[in-house]
Amino acid sequence: MPTVLLSTTYFGPIQWYQKLCRYPRVLIEQHETFQKQTYRNRCLIATTQGVQPLTVPVVHSSSTSEEAKPSAKLASCIMDCKLSDHGNWRHLHWQALQSAYGDSPFFEYYEDDLRPFFAERRWERLLDFNEAIRQKMCELLDIQPNVSLTTSYIPIRQELPRAQHAEPSSRTECKDLQSDETYDFREAIRPKHPLADPDFVPHPYYQVFAQKHGFLPNLSILDLLFNMGPESIFYL
């Protein structure tokens, strides 16, 4: 059956959740190298000033914080990335969400479900944190994707601009894949210079600041949820 291969995300973009909704099987890569300035530890929200990134600071195996030392060379496996307390980011992220979406139609409806990610519980690893977020978001969106984590890194051969066929180099690396029909969006779904994806057309929906900024496409899934509520699943 068709499989989509994705990187882990922090409140990932709408495009990422569309893949969860539309593919019968989803693999989330846990053996790849961490990359800065990606959705792995960043989400984009709409504010009165326009698009604002929210970045989770992480500590790598070399004990280097991305936000503390942005120029450092980062080469840690995503499984080794731990959450940092640098900059009181949990409080700042929740404040930013309250400010950006406090007047949205469904913020109060989902507020109690999402506050624990910022105020009540602490996760040690970025991957575990992101997985807990994904599970909660799928619950709130009312989708039940078939998701599993990779058991080893799956190399790719770039061929298609919209979805790259994954071609593991050995039978051992191939054990996660149950079909040749596997589409790799690990590098296609990214904040800057995303690859073309004809399957994803960001149709406008209601946004709080649309009159000021126009429609802002493919923001965090939180933007869709706070503005569209239970109807979000029909957008996906």
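Helix α3 (residues 107-114) packs against helix α7 (residues 221-228) at about 135 degrees, with the axes 8 Å apart. The two helices are therefore oblique to each other. Phe-107, Tyr-110 and Leu-114 of α3 meet Leu-222, Leu-225 and Phe-226 of α7. By class, this contact has six nonpolar, no polar and no charged residues.

The model is predicted: local features need pLDDT of at least 70, side-chain atom pairs count only at pLDDT 80 or more, and totals for chains, interfaces and linings use all residues. Residues are numbered from 1 along each chain as its sequence is written, and side-chain values use heavy atoms, with hydrogens and water left out.

**Terms**

- Helices (H or I, at least four residues) and strands (E, at least two) are DSSP runs, numbered from the N terminus.
- Contact means heavy atoms within 4.5 Å.
- Buried means under 20% relative accessible area, exposed over 50%, and partly exposed in between (1.4 Å probe, protein chains only).
- Axes are lines fitted to C-alpha atoms, for helices over the stretch in contact; angles run from 0 to 180 degrees between N-to-C directions.
- Angles under 35 degrees count as roughly parallel, over 145 as roughly antiparallel, 65 to 115 as roughly perpendicular, and the rest as oblique.
- Ala, Val, Leu, Ile, Met, Phe, Trp, Tyr, Cys and Pro count as nonpolar; Asp, Glu, Lys and Arg count as charged; the others, Gly among them, count as polar.

**Whole protein**

- The protein has eight helices and nine strands.
- Of its 236 residues, 51% count as buried.
- Among contacts between residues at least 6 apart in sequence, 65% join residues at least 24 apart.
- The accessible surface (Shrake-Rupley method, 1.4 Å probe; for residues, only the protein chains shown count as cover) comes to about 11100 Å². Carbon and sulfur atoms hold 48% of that surface.

**Helix α7**

- Eight of the eight residues of α7 are buried, so this helix is largely enclosed by the rest of the structure.
- The buried residues of α7 include the charged-class Asp-223, and also Asn-227 and Met-228.
- Those buried residues pack against α1, β3 (42-47), α2 (89-101), α3, α5 and α8 (232-235).
- Gly-229 follows α7 and has a positive phi, near 60 degrees.

- Helix α1 is mostly covered, with seven of its nine residues buried.
- The buried set runs through Ile-14, Gln-15, Trp-16, Tyr-17, Gln-18, Lys-19 and Leu-20.
- These residues pack against β1 (3-7), β2, α5, α7 and α8.
- α1 and α5 pack at about 70 degrees, with their axes 12 Å apart. They are therefore roughly perpendicular to each other.
- Trp-16, Tyr-17 and Leu-20 of α1 face Ile-133, Arg-134, Met-137, Cys-138 and Leu-141 of α5 in this contact.
- The residues of this contact divide into seven nonpolar, no polar and one charged.

**Lys-19**

- Lys-19 sits in helix α1 (residues 14-22). It is buried, with a relative accessible area of 1%.
- Not counting residues up to four places away in sequence, Lys-19 touches Val-4, Leu-6, Val-26, Phe-185, Ile-189, Asp-197 and Asp-199.
- Lys-19 and Asp-199 are 180 residues apart in sequence, yet 9.4 Å apart in space, C-alpha to C-alpha.
- The side chain of Lys-19 makes a polar contact of 3.0 Å with the side chain of Gln-18. A polar contact is a pair of N or O atoms within 3.5 Å; within protein, one must be able to donate a hydrogen and the other to accept it, and residues adjacent in sequence count only if both atoms are side-chain atoms.

**Glu-131**

- Glu-131 lies in helix α5 (residues 126-141). At 12% relative accessibility, this residue counts as buried.
- A polar contact of 3.0 Å joins its side chain to that of Arg-134.
- Leaving aside neighbours within four places in sequence, Glu-131 is in contact with Ile-28 and Leu-149.

**Loop residues**

- Tyr-23 is in the loop between α1 and β2 (25-29). Its relative accessibility is 13%, so Tyr-23 counts as buried.
- Asn-88 is in the loop between β6 (82-83) and α2. Its phi is positive, near 50 degrees, and it is partly exposed at 46% relative accessible area.
- Asp-142 is in the loop between α5 and β7 (147-149). This non-glycine residue has a positive phi of about 65 degrees, and at 52% relative accessibility it counts as exposed.
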